[in-house]
Amino acid sequence: MSEEQLLALNTAGSPEAAAAIRAKCEAMAGTKSAEERANLMERLVESERSHSAELSAAHQDAAERAARQQTEALQAVKEMGIAAAQAGGTVVLGAGVAQPGAGAAPSGGSSSSRPVLVCPHCRAENDPGNKHCDNCGERL
């Protein structure tokens, strides 16, 4: 028999002793539950820290990968612009605005170094003030 069972047999005739034993058992059960809750909480906190560290590392990797891809894309655009300029072609600077390549005369008032609009339909060069393409009539 356990200690609690022996005490229960000895206090069978005393309701006060039985109440005291019951209170002691409930207190012991409450203490055990508090310890279990504390252990569970510690495990949860540690798990959250680990998960947070993993997420942080994943975000850092993604940011580094995005920065690398952006740098590579900009380098590719730069190389295409240099190649087009060396070939004497037109280098597109922005939304429809283009500038002649390195094969043209250097800027200094020459008409070939002024900005032009490139038609999205026929790719013809137009003056920046044009609203329609001089070649095909498409709206610029």
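Select N126 and, leaving aside its neighbours within four places in sequence, you will find it in contact with V116, L117, C119, H132, C133, D134, N135 and L140. Keep in mind as you look around that this is a predicted model.

**Stop 1**

Where does N126 sit? Its place is in strand β4, residues 125–126. Is N126 buried or exposed? N126 is buried, because its relative accessible area is 2%, and the cut-off for buried is under 20%. Now show the side chain of N126 together with the backbone of D134: the side chain reaches the backbone nitrogen of D134 at 2.7 Å. D134 is also one of the residues on the contact list of N126.

**Stop 2**

Next, select R123, which is found in the loop between β3 (116–118) and β4. Check its backbone angles: phi of R123 is near 65 degrees, a positive value in a residue other than glycine. For background, most residues other than glycine have a negative phi.

**Stop 1: C136, after β4**

Move on to C136, in the segment after β4. Which residues does C136 touch, not counting residues up to four places away in sequence? They are C119, H121 and C122. If you draw a distance between the C-alpha atoms of C136 and H121, the separation is 7.9 Å, for two residues that are 15 apart along the chain. C136 counts as partly exposed, because its relative accessibility is 35%.

**Stop 4**

Now select residues 15–86, which make up helix α2. Within helix α2, pick E46 and R49, which lie 3 residues apart, about one turn of the helix. What do they form? E46 forms a salt bridge with R49, and the closest N and O atoms are 4.0 Å apart. The count of salt bridges comes to 1, so this pair is the one to display, given the rule of a side-chain nitrogen of Lys or Arg within 4 Å of a carboxyl oxygen of Asp or Glu. As for accessibility, E46 counts as partly exposed at 47%, whereas R49 counts as exposed at 56%.

**Stop 2**

M41 is exposed, because its relative accessible area is 51% and the cut-off for exposed is over 50%.

**Stop 3: the whole chain**

Zoom out and colour by secondary structure. How many helices and strands are there? The protein has 2 helices and 4 strands, and along the sequence they follow the pattern α-α-β-β-β-β. The accessible surface comes to about 10700 Å², with 56% of it belonging to carbon and sulfur atoms. Among contacts between residues at least 6 apart in sequence, 2% join residues at least 24 apart.

**Stop 4: colour by confidence**

The mean for the protein is 76, and 69% of its residues reach 70 or more. Where is confidence lowest, and where is it highest? The lowest is in strand β2 (residues 97–100), with a mean of 47, and the highest is in β4, at 90. Select residues 95–111 as well: the pLDDT there is below 50, and this stretch has 37 contacts in the model beyond near neighbours in sequence. Where pLDDT is low, the predicted coordinates should not be read in detail.

Terms used:
Residues are numbered from 1 along each chain as its sequence is written. This is a predicted model: local features need pLDDT of at least 70, side-chain atom pairs count only at pLDDT 80 or more; totals for chains, interfaces and linings use all residues. Side-chain values use heavy atoms; hydrogens and water are left out. Buried means under 20% relative accessible area, exposed over 50%, partly exposed in between (1.4 Å probe, protein chains only). Contact means heavy atoms within 4.5 Å. Accessible areas come from the Shrake-Rupley method with a 1.4 Å probe; for residues, only the protein chains shown count as cover. A polar contact is a pair of N or O atoms within 3.5 Å; within protein, one must be able to donate a hydrogen and the other to accept it, and residues adjacent in sequence count only if both atoms are side-chain atoms. pLDDT is the predictor's confidence in each residue, from 0 to 100.
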